[in-house]
Amino acid sequence: MIPLNSTSFLLGLRCFSKRISNDSSRRHLPGSVKLCAGQLMRWCSRTSNTTKEHDNSSLVLKHLMAKIKSTGPISVAEYMREVLTNPVTGYYYHRDALGAQGDFITSPEISQIFGELLGIWCVSEWMAAGKPKAFHLVELGPGRGTLASDVLRVFNQLGSVLRACEISVHLVEVSPKLSETQARLLTEGENCRMHDPTAAVYKTGVTKTGLPISWYKDLQDVPNGFAFYLAHEFFDVLPIHKFQKTKQGWREILIDIDPQTPGKLRFVLAPSATFASKTLIQRDDERDHVEICAEAGVIIHRLAGRITEDGGAALIADYGHNGTKTDTFRGFRGHQLHDVLTAPGTADLTADVDFRYLRQMTRGKVTTLGPISQREFLKNMGIDVRLQVLMKNTSDPIARRNLIEAYDMIMNPEKMGNRFKFFALLPQSRVISQEAKLEKRNSTASPIAGFSELQL
Ligand code: SAH
């Protein structure tokens, strides 16, 4: 391994920034994209009140009501799971709700620089790990495949650096519809094969840059090996349980049929402790209302195990907090906050990610970094240098304006810059060797990109 000190590391990052494509025309913000304070996270470009959606919503509601009638009030987690990922009617299952023409837009869709810098992050961590002979790029909830596409473009353009490395791509996606969109973007159509939709690997192919790519519904089915795991706006859609502190102790908030209004749902408090309130709540929590995403805990625990055993790293970006917020469950539809219990299936449901909980669920197996703001992470990754390079290479005033608007959207603290956070899982050895370097100045470890302020 070639030792890198922070100076050469920063120069390396800058050099990467310059070596990756100067093409800023990959996509641009549509002129109409404007976010206002209440809509920062989920920007909706059109109202989706079509007859088809109305029918689907009635179907979802009917199904939920039948369920509640037969087994009693359901948890918020069960409600979210049914509404978002039910294989027949789920919000994500049969629609592509992302992008300028969809229901909401995300950072990778807004700016190509976002994905490029995450690609550089993977390469710098691969170098810091001693350039293993092979790695998996694993993305959880890849949406339209835009982030993966930008990351793969960087890998391709850094071909001389990664030449001897065998890279494979693994996408964990429950939505058949979105997996089609991803395959269209990432592969040459004829190079993609559908398998049995219930099989662990339901689709395989070859990316446009010649790498093997596979699709899974569950992280557990992704083969083991040194891997970079990326998850952008994935954890916020996973089902949460909600709890309220009462004089009788913690009680779970459930969803029931409103007896006053036919066809309406309402929140109720469980009359006694539920299995979830007995097992998920931490006794010392000082809040009087908490949201816990047990599914996120399981996934983080698995990621921590894989990273400990096989090496690699996970980079998670989402809106969230450090165990301080209370009621963040909300719906977004048609440019507006949408009541989570109204017309289920027509709106996205989401809750802020509790990064403190994620950290706890690693059970100390790995080192965690962050959460730090998106603004800080991207600044540390050299977003300003990358923007300058792209600006220098285009004289088209529209392209230049688009680049600046996209930068502003993802970096401005009033927009996405502060609310979105970056959080990483790394093998303990990686951070120990960096600390040793800082203390004794005799380690060859390079700083962890994005989380360290890199100085010349
Ligand atoms: N990462 C993308 C998309 C975010 S939307 C972006 O930032 O643009 C959430 C994504 O997670 C969608 O692709 C959705 O289909 C997927 N998803 C939701 N629940 C999932 C689950 N339980 N397992 C795997 N993918 C899931």
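Predicted model: local features only at pLDDT ≥ 70, side-chain atom pairs only at ≥ 80, totals over all residues.
Two or more lining residues of the largest cavity come from each of strand 11 (289-292), strand 16 (353-354) and helix 11 (355-361). By class, the lining of the largest cavity consists of ten nonpolar residues, one polar residue and four charged residues.

When the whole structure is searched, four cavities of 30 Å³ or more are found.

## The largest pocket

The largest pocket holds about 760 Å³ of space, and 38 residues line it, with G141, V174, F234, V237 and L238 the closest to its centre. Several elements each give two or more residues to this lining, namely helix 3 (76-85), helix 4 (107-110), strand 2 (134-140), helix 6 and helix 10 (294-310).

The lining of the largest pocket contains 20 nonpolar residues, together with seven polar and eleven charged ones.

## Helix 5 against helix 6

Helix 5 covers residues 112-128 and helix 6 covers residues 146-157, and the two pack at an angle of about 55 degrees with their axes 7 Å apart. Because an angle that falls in none of the parallel, antiparallel or perpendicular ranges counts as oblique, helix 5 and helix 6 are oblique to each other. The crossing in which helix 5 passes helix 6 is right-handed.

On the side of helix 5, the contact is made by Q112, F114, G115, E116, L118, G119, I120, C122 and V123, which meet L147, D150, V151, R153, V154 and F155 in helix 6. Sorted by class, the residues of this contact are nine nonpolar, three polar and three charged.

## Helix 13 against helix 14

The crossing of helix 13 and helix 14 is right-handed.

From helix 13, the residues I383, D384, L387, L390 and M391 take part in the contact, and they meet R400, L403, I404, Y407, I410 and M411 in helix 14. The contact of helix 13 with helix 14 has nine nonpolar residues and two charged residues, with no polar residue among them.

## Backbone details

G370 and P371 are joined by a cis peptide bond, with omega at about 5 degrees, and P371 lies in strand 17, which covers residues 367-373.

The other feature concerns A343, which has a positive phi of about 45 degrees even though it is not a glycine. A343 is located in the loop that runs between strand 14 (336-338) and strand 15 (348-350).

Terms used. Residues numbered from 1 in each chain as written. Heavy atoms only, no water. Axes fitted to C-alpha atoms, helices over the stretch in contact; angles between N-to-C directions. Helix = DSSP H or I, 4+ residues; strand = E, 2+ residues; numbered from the N terminus. Parallel < 35°, antiparallel > 145°, perpendicular 65-115°, else oblique. Left-handed = near helix turned anticlockwise from the far one by under 90°. Contact = heavy atoms within 4.5 Å. Nonpolar A, V, L, I, M, F, W, Y, C, P; charged D, E, K, R; others polar. 1 Å grid on protein atoms, 1.4 Å probe; cavity = no way out; pocket = protein on both sides within 12 Å on 5 of 7 lines; lining within 4 Å. Points joined across faces, edges and corners; volume = space filled by probe spheres on them.
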